[in-house]
Amino acid sequence: NYEAAIPKNNPNKLTIDRQTFLNTLRRVSLFANQSTHQVRLSIKERELEISSEDLEFSNKAHETIPCSYDGEPMEIGFNAKFLSEMITNLDTEQVLMEMSHPSRAGILFPITNGDEAKDEDILMLVMPVMLAN
């Protein structure tokens, strides 16, 4: 029963330009810990800050990009490799990420406009990682 793993109530909705998100994620993840590939997403109403840090090598990076966010401000961590791979395999201009809580899975959707053919229904489940304060 795979549908039991898909969160149903996701009041926090992040809409963002797919290519900008992907490029920023790739740049910032270069400075992430090489074993966890952890990045932190700090999400507010109109901005998304993506950051990473590798304490072992004293590396860190952060970038802020514009977004549209409907929900409570949130900090959530993801494995950058998994998230990048998911975003790479979408071919829309924008993506929607729905989340409920930093400890629960998020759902990634392509945002299609009326001109694009809807040949498939895509839903990608992305599991968060625990953030160290």
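## Strands E2 and E6

E2 and E6 pair in the antiparallel sense, joined over six bridges. This is a predicted model. E2 covers residues 38-43, and E6 covers residues 74-79. Gln 38 stands opposite Asn 79 of E6.

E6 is mostly covered. Five of its six residues are buried.

## Helix H2

Helix H2 takes in residues 80-88. Its buried residues are Ala 80, Leu 83, Ser 84, Met 86 and Ile 87. Seen down the axis of H2, these fall within an arc of 160°, so they line one face of the helix. The other side of H2 has Lys 81, Phe 82 and Glu 85, which are exposed.

What covers the buried residues of H2? The cover includes helix H1 (18-29), along with the strands E2 and E6. It also includes strand E7 (94-99), strand E8 (106-111) and strand E9 (124-126).

## The E3-E4 hairpin

Strand E3 spans residues 47-54, and strand E4 spans 59-66. The two run antiparallel, and eight bridges join them. They form a hairpin with four residues between them. In the turn, Ser 58 has a positive phi of about 55°.

## Ser 51 in strand E3

Ser 51 lies in E3. Is this residue buried or exposed? Ser 51 has a relative accessible area of 13%. Buried means under 20%, so Ser 51 counts as buried.

Its bridge partner in E4 is His 62. His 62 is also among the residues in contact with Ser 51, leaving aside neighbours within four places in sequence.

## The largest pocket

How much space lies in the largest pocket? The volume is about 420 Å³. The lining of this pocket is made up of 18 residues. Those nearest its centre are Gln 38, Arg 40, Ser 52, Glu 53 and Ala 132.

Strands E2, E3 and E4 each supply at least two residues of the lining. Which strand gives the most? E3 does, with four residues. By class, the lining has six nonpolar, seven polar and five charged residues.

Notes:
Residues are numbered from 1 along each chain as its sequence is written. This is a predicted model: local features need pLDDT of at least 70, side-chain atom pairs count only at pLDDT 80 or more; totals for chains, interfaces and linings use all residues. Side-chain values use heavy atoms; hydrogens and water are left out. On a 1 Å grid over the protein atoms alone, a cavity is a set of points where a 1.4 Å probe fits but cannot get out, and a pocket is an open set with protein on both sides within 12 Å along at least five of seven lines; lining residues have an atom within 4 Å of a point. Grid points are joined across faces, edges and corners, and a volume is the space filled by probe spheres set on the points. Ala, Val, Leu, Ile, Met, Phe, Trp, Tyr, Cys and Pro count as nonpolar, Asp, Glu, Lys and Arg as charged, and the others, Gly among them, as polar. Buried means under 20% relative accessible area, exposed over 50%, partly exposed in between (1.4 Å probe, protein chains only). Two strands pair if DSSP finds at least two bridges between them. The arc is that of the directions from the helix axis to the C-beta atoms. Contact means heavy atoms within 4.5 Å.
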